[in-house]
Structure formats: structure tokens, C-alpha cells
Amino acid sequence: QNAIEARGLEKTYRGQHGQPPKHALKGIDLAIPQGSIFGLLGPNGAGKSTFINILAGLVMKTAGSVSIWGFDIDRNPRNARRSIGIVPQELNLDPFFTPREAMEIQAGLYGVPKRARKTEEILAAVGLTDKAEAYARSLSGGMRRRLLVAKAMVHSPPILVLDEPTAGVDIELRAQLWDYVRQLHAAGTTIVLTTHYLEEAEELCDRIAIINNGEVVAHDTKDALLRRL
Ligand code: ADP
Ligand code: ADP
């Protein structure tokens, strides 16, 4: 079964300030199988974030369809919300909340009952137990990234989507994040991530779609793809 399926997905941004319209996605067909670690690999400007932001309900598509477990995201936004955890690229955090508070707020937003919350477990898994009472201003970039991953997992979504998860993260933290993503995958989570590092896709992913200029130019298992490069 496919966790995510995109058919003929298009996005055209309106041109601002006299700019021409930008065709960021030009008819993407993609099937992301349940249980995969799926890498969307491509250079800056390829359209990766646009794809992720459509999944996240942050960007309105121009044409085509996206379904999650076979349910159209437009007709079943609640299914999409339950099914997906999103780790955005920007390190946006509420400045006046500690990681523990941020996790509780997120759990509340997603309607996770108090008894069912795994706040401490998730914070421990991303290595933030020691920082659970710290304020955002005292968290490094890597810690912020890990908190965003922790927040995305608060409702135990079966699909975790990460937009450039290790952009701006040092080598040590990158390895830590990769480990955590692998753990989640081993526990049954389907993973989708974007990256512009071949190395990251190679290290982590079992299937890779190469996206360039709004089009999927190759899509295969990692091994098959790397044999062709
Ligand atoms: P980022 O920090 O993600 O690079 P920018 O500062 O480039 O963001 O862009 C800020 C806002 O403008 C965002 O909403 C982004 O989606 C939008 N944006 C990004 N690229 C363009 C573009 N080429 N033309 C117009 N808006 C853009
Ligand atoms: P990637 O994530 O692969 O770097 P994006 O999806 O961010 O690519 O961007 C794809 C293209 O769409 C780029 O040319 C970018 O400048 C443009 N773009 C992104 N957001 C906006 C926006 N809000 N308005 C106009 N153009 C945008």
C-alpha cells in the first residue's frame, strides 16, 4: 500500500512585484510506499519544499491530487493531520516555551489524551531531556531541529515528513538525527525527507526520487538509482 500518492501535482506561484508566474511543480507523479524511507533529492529551487508544504496543507496546489492511505487530502484533511507529522525547514519555535511545554501544547492541539502522552519518552529519544526546562533562546540550532522532530511525533503519526532535516546541523548532530529517524523507521514509521545532499539520501533512504526544476527526473530504489549514476 502507498502511504502517499501524488498524481499530476502542479504548483504555479503567482508572480509578485511584476515577476512572471513560477511553475514550481510541473506534474509530479509519485508513489511513496508504506514502510519506506523515501528521499526527495534535488538542488535548491527544485520544488521539494513546495511538495512538502502541499502535504502539510500550507500551500494550495494548482492542479492534480495527493492522497494519504488512499484518502484525498482535500476531502479528508483530518485524515492527513492524523497521519502526518511535519518537520518544517525553518527553525520556528515559540520563544517563551520550554521544550516540555511546547510538547504539551502540541499534544493538546492534536487532542492526545494526557494518559497517552509520551512527552518524556520522545524528549529522551531526541536527546533533549537535559534541556526540557530551557527556553528557546538557549537552544542551539541542532536542539531546535530536534525539538521540531519531537513535536512532529507527538501524535504518533504513521508518516513523518522532514524538510531538509540536517540543513545547518553539524556532523555529530546529523548522525544523531539520522539515528533517530532510523529508529522511528524501525518502529514502523514511513519516512519522507527532502535533501540536497546525495550523501544524506544515500545514507538514509531506501527509495529516492530525484526532482529538478519541478519535475521528477528519476525514481527508483536507492541501489538501482546509484548503479545508474
Ligand atoms: P526562506 O527563508 O525560506 O528562504 P525567503 O525569505 O526566501 O524564505 O522567502 C520568504 C517568503 O517568500 C516565503 O513565504 C517564501 O515561500 C516566499 N518565497 C520564496 N521564494 C520566493 C520567490 N522566488 N518569489 C516570491 N516569494 C518567494
Ligand atoms: P526547494 O525546496 O527544492 O529548494 P522550493 O519548493 O522552495 O524548492 O521552490 C521551488 C521554486 O518555487 C523556486 O524557484 C522558488 O523560488 C519558487 N517559490 C517558492 N515559494 C514561492 C513563493 N511563495 N512565491 C513564488 N515563488 C516561490
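A residue is taken to be near a molecule if one of its heavy atoms lies within 4 Å of it. In this predicted model, that criterion gives ligand 2 a shell made up of Tyr13, Lys22, Ala24, Pro43, Asn44, Gly45, Ala46, Gly47, Lys48, Ser49 and Thr50. By residue class, the shell comprises 4 nonpolar, 5 polar and 2 charged residues.

Two secondary-structure elements, strand E2 (22–33) and helix H1 (48–55), each provide at least two residues of this shell.

Oxygen atoms of ligand 2 take part in several polar contacts with the protein, on both backbone and side-chain atoms. On the backbone side, an N or O atom of Gly45 is placed 2.7 Å from a ligand 2 oxygen, and a polar backbone atom of Ser49 is likewise found 2.7 Å from an oxygen atom of ligand 2. Thr50 takes part through its side chain, where an N or O atom is 2.5 Å from an oxygen atom of the ligand. Taken on its own, ligand 2 has 560 Å² of accessible area, and the protein covers 64% of it.

Attention then turns to the aromatic rings. Searching the whole structure for aromatic pairs returns 0. Charged side chains do, however, sit over tyrosine rings: Arg81 is positioned over the face of Tyr110, 6.0 Å from the ring centre, and Arg174 over the face of Tyr197, at 4.9 Å from the ring centre.

How values were computed: Residues are numbered from 1 along each chain as its sequence is written. Chains are lettered from A and ligands numbered from 1 in the order in which they are written. This is a predicted model: local features need pLDDT of at least 70, side-chain atom pairs count only at pLDDT 80 or more; totals for chains, interfaces and linings use all residues. Side-chain values use heavy atoms; hydrogens and water are left out. A polar contact is a pair of N or O atoms within 3.5 Å; within protein, one must be able to donate a hydrogen and the other to accept it, and residues adjacent in sequence count only if both atoms are side-chain atoms. Accessible areas come from the Shrake-Rupley method with a 1.4 Å probe; for residues, only the protein chains shown count as cover. Helices (H or I, at least four residues) and strands (E, at least two) are DSSP runs, numbered from the N terminus. Ala, Val, Leu, Ile, Met, Phe, Trp, Tyr, Cys and Pro count as nonpolar, Asp, Glu, Lys and Arg as charged, and the others, Gly among them, as polar. Rings of Phe, Tyr and Trp (its six-membered ring) pair if their centres lie within 6.5 Å; planes under 30 degrees apart count as stacked, over 60 as edge-to-face and the rest as tilted. A charge sits over a ring if NZ of Lys or CZ of Arg is within 6 Å of the ring centre and within 35 degrees of the ring normal.
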